[in-house]
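Here is a short report on one protein model.

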Amino acid sequence: NVDAPLGLHLQFHDSNTRYIGYASAFAVPLSSDIGEAVSVYLPQTSFDRGSWIGRPCNGCQINFSSIVEMDIYVLFQEGPFEVKVKKVTAVDDHQSFPSPAIALSSTEEIKTLIDQTIQSGGGLYDDGYQELCIAIYTSILNTILSANDSGATSSIVSERMKNIICSGLQRAETQIGSKANMAWTLRYTLDALLEEMGFTVTSNEQAWRPDPTMNEYQCSGVTTAFNPLQTENSEAPD
């Protein structure tokens with residue numbers, strides 16, 4: 001499967017301002033098994049996109065005690081696609097779920113995944129849906145982190161690549177509050193992976209890159225956009 005992860009909005013309406021929807025973005029992670037069931041955790045604070053028929057509502061805030069309606073949207077992404085949502089459950093504590101492990105056989109296959117994701121995520125960013133861009137960028141990074149090698153004589157996803165991913169995710173997590181900064185940090189992380197695999201990146205060459213030798217940030221592939229990472233040092237890389 002060489003398609004980018006599919007980004008979705010889960011949107012709630014409360015009884016106070018029913019015409020306004022409050023959306024949180026998440027991505028359907030890639031899987032080798034058609035129909036594989038996965039779970040995603042969305043914190044309450046992520047429902048921060050208040051809007052009415054696409055028009056943003058600045059300063060609006062959802063009342064979770066009076067939810068009366070729910071929507072799920074796919075926006076500005078090419079099909080075909082099929083998603084079955086089995087249930088939406090309110091929980092008391094943070095949840096974490098492992099990302100499905102897909103088989104990757106070559107760096108060219110990883111490059112194709114990254115290129116498709118950048119094309120989709122960049123379009124969403126330009127259309128004003130930065131949170132969807134963040135969701136699919138984060139999802140593909142976690143997919144690569146969780147990948148299995150398929151018929152390879154050596155590991156396709158090297159330790160240096162894992163260091164790049166974990167450092168990039170850690171830096172993005174410290175930037176919560178600025179969707180633009182988060183999206184660009186994740187984009188630079190994808191660019192760094194391409195460069196680490198020996199491919200040429202023709203844009204953003206002088207931008208920030210995660211250090212592939214930095215192994216302070218140890219993380220595992222998850223479906224949750226920003227799972228608290230197990231770190232030895234809580235500071236973000238410079």
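**Overall fold**

This is a predicted model. The protein chain has four helices and nine strands. Starting at the N terminus, the order of elements is β-β-β-β-β-β-α-α-β-α-α-β-β.

How does the radius of gyration of the protein chain agree with that of a compact globule? A compact globule of 238 residues would come near 18 Å, and the protein chain has 18 Å, so the two agree. Along the principal axes, the C-alpha atoms fill a box of roughly 55 × 40 × 35 Å.

Take the contacts between residues at least 6 apart in sequence: 71% of them join residues at least 24 apart.

**Surface and charges**

Of the 238 residues, 45% count as buried. The accessible surface of the protein chain is about 12,600 Å². Carbon and sulfur atoms account for 46% of that surface. The side chains include 13 positive and 29 negative ones. The centres of these two sets lie 5 Å apart.

**Nonpolar cores**

The largest nonpolar core has 44 residues. Within this core, Ile110, Ile114, Ile144 and Leu193 have the most contacts.

Leu193 shows how the core is joined. Setting aside neighbours within four places in sequence, Leu193 is in contact with Ile114, Leu141, Ile144, Met161, Ile164 and Ile165. Two of these partners, Ile114 and Ile144, are also among the core residues with the most contacts.

A second core is separate and has nine residues. Among them are Leu6, Leu8, Ile20 and Phe26.

**A buried asparagine**

Asparagine 163 is found in helix 3. Is asparagine 163 buried or exposed? Its relative accessibility is 10%, so asparagine 163 counts as buried; the cut-off for buried is under 20%.

What does asparagine 163 touch, leaving aside neighbours within four places in sequence? Its contacts are Asp211, Pro212, Thr213, Met214 and Asn215.

Terms used:
Residues numbered from 1 in each chain as written. Predicted model: local features only at pLDDT ≥ 70, side-chain atom pairs only at ≥ 80, totals over all residues. Heavy atoms only, no water. Helix = DSSP H or I, 4+ residues; strand = E, 2+ residues; numbered from the N terminus. Rg over C-alpha atoms; globule rule 2.2 N^0.38 Å. Buried < 20%, exposed > 50% of the residue type's maximum accessible area, 1.4 Å probe, protein only. Contact = heavy atoms within 4.5 Å. Areas by Shrake-Rupley, 256 points an atom, 1.4 Å probe, with all protein chains shown as cover. Lys, Arg positive; Asp, Glu negative; His and termini not counted. Charge placed at Lys NZ, Arg CZ, Asp CG, Glu CD. Core = buried A, V, L, I, M, F, W, Y, C linked by side-chain atoms within 4.5 Å.
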